[in-house]
Amino acid sequence: MKKINLKELSKTQTIIITVIVTVLVVVLIPLGIFSGVNNESPFKAVNDIFTPDTKQIIGKWQDEKKITGYEFYDDGTYDYHVTDKITTSKDYRIDGNKITLLDYNSNANVVYKFSIHDKTLKLTLVEYNGKEPDKDEMVTTVYTRASHFNLKRYEEALSDIVEEAKQEHPGDENKEESTEADNND
């Protein structure tokens, strides 16, 4: 193999080598690291980068607790599912990293900041009917892409919500019991 003497290269050859090395350092190495960390192919990562979120959001998304789900369609409509019983159909609009869910029947508009990474959709409430929510209402909900919905039954979901509330506020049960006892005296 013949050694290349850098001093003998023309200005054009030097520029070409510089561009190739720059592309390797700036694009390919970080892409390889990103793909390795996220355990996905580099081709999928590149596709995600160049596919707008307006197209990536199309499909079914189910929350981690299996209580709610969204199905977004490419015609600007979506279905919202609550447990296995309740489904409503409405319209949505995307502007940058914000999605507005429109309900013309009730004139309710909900705006979320959203991000999609691989098979995860994050929705953070930023506006409800033109008003910003309080800090404690700015909750981020995580949804996972689903091939079909596997939502809980209504009764099971309600039971889970009650149990979660008891764990978050353990002293509230004792307050109710003491209030009832005081009323009986």
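Visitor: Which residues line the second largest pocket?

Guide: The model is a predicted one. In it, the second largest pocket is lined by Tyr-70, Tyr-78, Tyr-80, Lys-90, Leu-101, Leu-102, Asp-103, Ala-108, Val-110, Tyr-112 and Tyr-128. Strand S3 (77-82), strand S5 (98-103) and strand S6 (108-117) are the elements that give two or more residues to this lining. The volume of the second largest pocket is about 160 Å³.

Visitor: How do you know how many residues of the lining of the second largest pocket are nonpolar, polar or charged?

Guide: Tyr, Leu, Ala and Val count as nonpolar, while Lys and Asp count as charged. By these classes the lining of the second largest pocket has nine nonpolar, no polar and two charged residues.

Visitor: What is the volume of the largest pocket, and which residues lie nearest its centre?

Guide: The largest pocket has a volume of about 470 Å³. Its lining has 17 residues, and Lys-65, Thr-68, Val-139, Thr-141 and Tyr-143 lie nearest the centre. By class, the lining of the largest pocket comprises 10 nonpolar, two polar and five charged residues.

Visitor: Which elements each supply at least two residues of the lining of the largest pocket, and which gives the most?

Guide: Strand S2 (68-72), strand S7 (120-128), strand S8 (140-146) and helix H4 (154-168) each supply at least two. H4 gives the most, with four residues.

Visitor: Tyr-154 is in helix H4. What makes Tyr-154 partly exposed?

Guide: The relative accessibility of Tyr-154 is 41%. Partly exposed covers the range between the 20% limit for buried and the 50% limit for exposed. Tyr-154 therefore counts as partly exposed.

Visitor: What do the strands form together?

Guide: Eight strands form a closed barrel in the order S1-S2-S3-S4-S5-S6-S7-S8, with antiparallel pairing. On average, neighbouring strands of this sheet are turned by 35° against each other, direction ignored.

Visitor: Why are S3 and S4 called paired?

Guide: Pairing requires at least two bridges between the strands. Six bridges join S3 to strand S4 (residues 86-95), so the two strands, which run antiparallel, count as paired. Among the bridge partners are Asp-79 with Ser-89 in S4, and Tyr-78 with Lys-90 in S4. S3 and S4 form a hairpin with three residues between the strands, and there Thr-83 takes a positive phi near 55°.

Visitor: How do you know that S4 and S5 are paired?

Guide: S4 and S5 run antiparallel and are joined by five bridges. The requirement is at least two, so S4 and S5 pair. Arg-93 stands opposite Thr-100 in S5. The hairpin of S4 and S5 has two residues between the strands, and Gly-96 in the turn has a positive phi of about 65°.

Visitor: Where are Lys-66 and Asp-118, and what is the phi of each?

Guide: Lys-66 lies in the loop between S1 and S2, and its phi is near 60°, a positive value in a residue other than glycine. Asp-118 is in the loop between S6 and S7 and has a positive phi of about 55°, although not a glycine. Most residues other than glycine have a negative phi.

Visitor: Why are Lys-66 and Asp-118 called partly exposed?

Guide: The relative accessible area is 33% for Lys-66 and 25% for Asp-118. Buried means under 20% and exposed over 50%. Both values lie in between, so Lys-66 and Asp-118 are partly exposed.

Visitor: What makes the contact of Glu-71 and Lys-60 a salt bridge?

Guide: The side chains of Glu-71 and Lys-60 meet at 3.8 Å, N to O. The cut-off is 4 Å between a side-chain nitrogen of Lys or Arg and a carboxyl oxygen of Asp or Glu, so the contact is a salt bridge. The pair links distant parts of the chain, with Glu-71 in strand S2 and Lys-60 in strand S1 (residues 59-63), 11 residues apart. A search of the whole structure finds one salt bridge.

Visitor: Are Glu-71 and Lys-60 buried or partly exposed?

Guide: Glu-71 has 16% relative accessibility. The limit for buried is under 20%, so Glu-71 counts as buried. Lys-60 has a relative accessible area of 23% and is therefore partly exposed.

How values were computed. Residues numbered from 1 in each chain as written. Predicted model: local features only at pLDDT ≥ 70, side-chain atom pairs only at ≥ 80, totals over all residues. Heavy atoms only, no water. 1 Å grid on protein atoms, 1.4 Å probe; cavity = no way out; pocket = protein on both sides within 12 Å on 5 of 7 lines; lining within 4 Å. Points joined across faces, edges and corners; volume = space filled by probe spheres on them. Axes fitted to C-alpha atoms, helices over the stretch in contact; angles between N-to-C directions. Buried < 20%, exposed > 50% of the residue type's maximum accessible area, 1.4 Å probe, protein only.
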